[in-house]
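Thanks, everyone. I'll keep this short. Please look at the model while I talk.

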Amino acid sequence: MAGNNIRCLGRRLASFSAALLLLGSAAKAQNPGNHQHAAAPDAYFVDGYHGGIYGHYPDWQTRFMVDQLTRHPDWKISLEIEPETWDSVRVYDPEAYRDFREALMKPGFAERIDIVNPSYGQSYLYNISGESIIRQFDLGIRKMREHFPDFTYSTYSSEEPCFTSALPQILTSFGFKYAVLKNPNTCWGGYTRAFGGELVDWKGPDGTAIKTVPRYASEALEDNSTWQTKAWGNGVEYIRAALEQGIQHPVGMCLQDAAWDRGPWLGADTPTYRPSHYVTWTRYFEDIAIPEAPEVWELSQEDIQVSLVWGAHVLQKLAQQVRQAENSITMAEKLAAGASVYAGRPWRSPEFDEAWRNLALAQHHDCWIVPYNKVEGEKTWAQKVADWTGVTTRTSDRIFKDVLGQLDGTGESRFVHVFNSQGRVRKETVRLELDALPAGDWTVSDAEGNPVPVQTIQTKGKRELVFSAEA
């Protein structure tokens, strides 16, 4: 029998990667100054809501927000609501849904509502891949535009510590102008290091900077609390410390959990500093804060002081599931891109979108902070992570098999397509099962026809052809 021949076609797939580089170090915090004032200066407060259909969002919440805005003309809210929530609101309370949409466009109301985090799963971000961060915003903004097509996203803010050092580059690429590094009322998952004054230019590892309100150097932790800083309610002590530091326009913040029915939050912390004025984050940046940041902060991952304190064992497991799903879906996309170029296969947008959607939900912050809490029926967040990542990995596996099947060679000369899904040249060993191929002696050549050293081995009862490939 004549010798069989395999040609190894090395292909390097161009890929996009967003690197979370831990570069730079925190600059020195500014020295507190002595702020002397005869009359009480104005202070500002950002109120609003956090939550969603997966975390917490009662049926009455949308109507409650519209009614409270009508009842309190000076109240303003910044919202961090899971994008998928609005699919449900549109079904179970269409009248409130319509009124809220109209409020976003109505003069007198529109400037009182800001949407500050459109990411799909409100992920912590510091514990997922760069590509996942990009998809969180891409999927979330696309979903939000189905409901609020004319809204422009200007300021990023989060109730939880949903921060990572790569955010300046990613946020500005999506059109954001400003960011906020405070999360004073929900430090269960951690908080950023106290640094700077009224504004800083938050500089990412790639050099991109975004104007940012930091957790002030004077913003201390709340007394006798493991989950708050003093900025949560504009108490007198917090504002006075900020003024003494030299901050001209001090601002506090609380994104209330959806389902809290208090309404306007000022007065929750007593004694409350007066005068304190409600403001949205975007209006604060554009109408109130100093025009230029006096300091640059090269925030690193070490400046995000995290505290995922419950369920260390289950966290390891769900982290592995999430990372496996991240790796599989990005490789599947790259292989499918190769198939579209080399074999004319159509791009599979709906499949990829659904796979990424499930992965985005598996990266929801509540998966990590309360993994044993129930989220759906009798299922915990940790169990839902297994469900959601399972969809992603099964979709990836199905695409792997389909792509590889479309690229099979025929005849005596067979082709092995070696894909390199990384952004660098690789030369590594390839193992090919021979059980499904005709018996005989096989030779291997590269894409140019040059012979490649090859060896046949027996592993666990299976015959394999082993050779070196460069892609």
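Start with the contacts. Take those in the chain with a separation of 6 or more: 77% of them join residues 24 or more positions apart.

Keep in mind that this is a predicted model. How confident is the predictor? Mean pLDDT for the chain is 88. A pLDDT of 70 or more is reached by 89% of the residues.

Where does pLDDT stay under 50? That is residues 6-37. The model still gives this stretch 107 contacts beyond four places in sequence. A caution applies here. Low pLDDT means the predicted coordinates should not be read in detail.

Now burial and surface. The chain has 471 residues, and 53% of them count as buried.

On to secondary structure. I count eleven helices and 21 strands in the chain.

Now zoom in on one pair. Strand β8 covers residues 200-203, and strand β9 covers residues 209-213. The two pair in the antiparallel sense, over four bridges. For a specific residue, take Trp 202: its bridge partner in β9 is Ile 210.

That's it from me. Comments are welcome.

Conventions: Residues numbered from 1 in each chain as written. Predicted model: local features only at pLDDT ≥ 70, side-chain atom pairs only at ≥ 80, totals over all residues. Heavy atoms only, no water. Pairing = 2+ DSSP bridges. Buried < 20%, exposed > 50% of the residue type's maximum accessible area, 1.4 Å probe, protein only. Contact = heavy atoms within 4.5 Å. pLDDT = per-residue confidence, 0-100.
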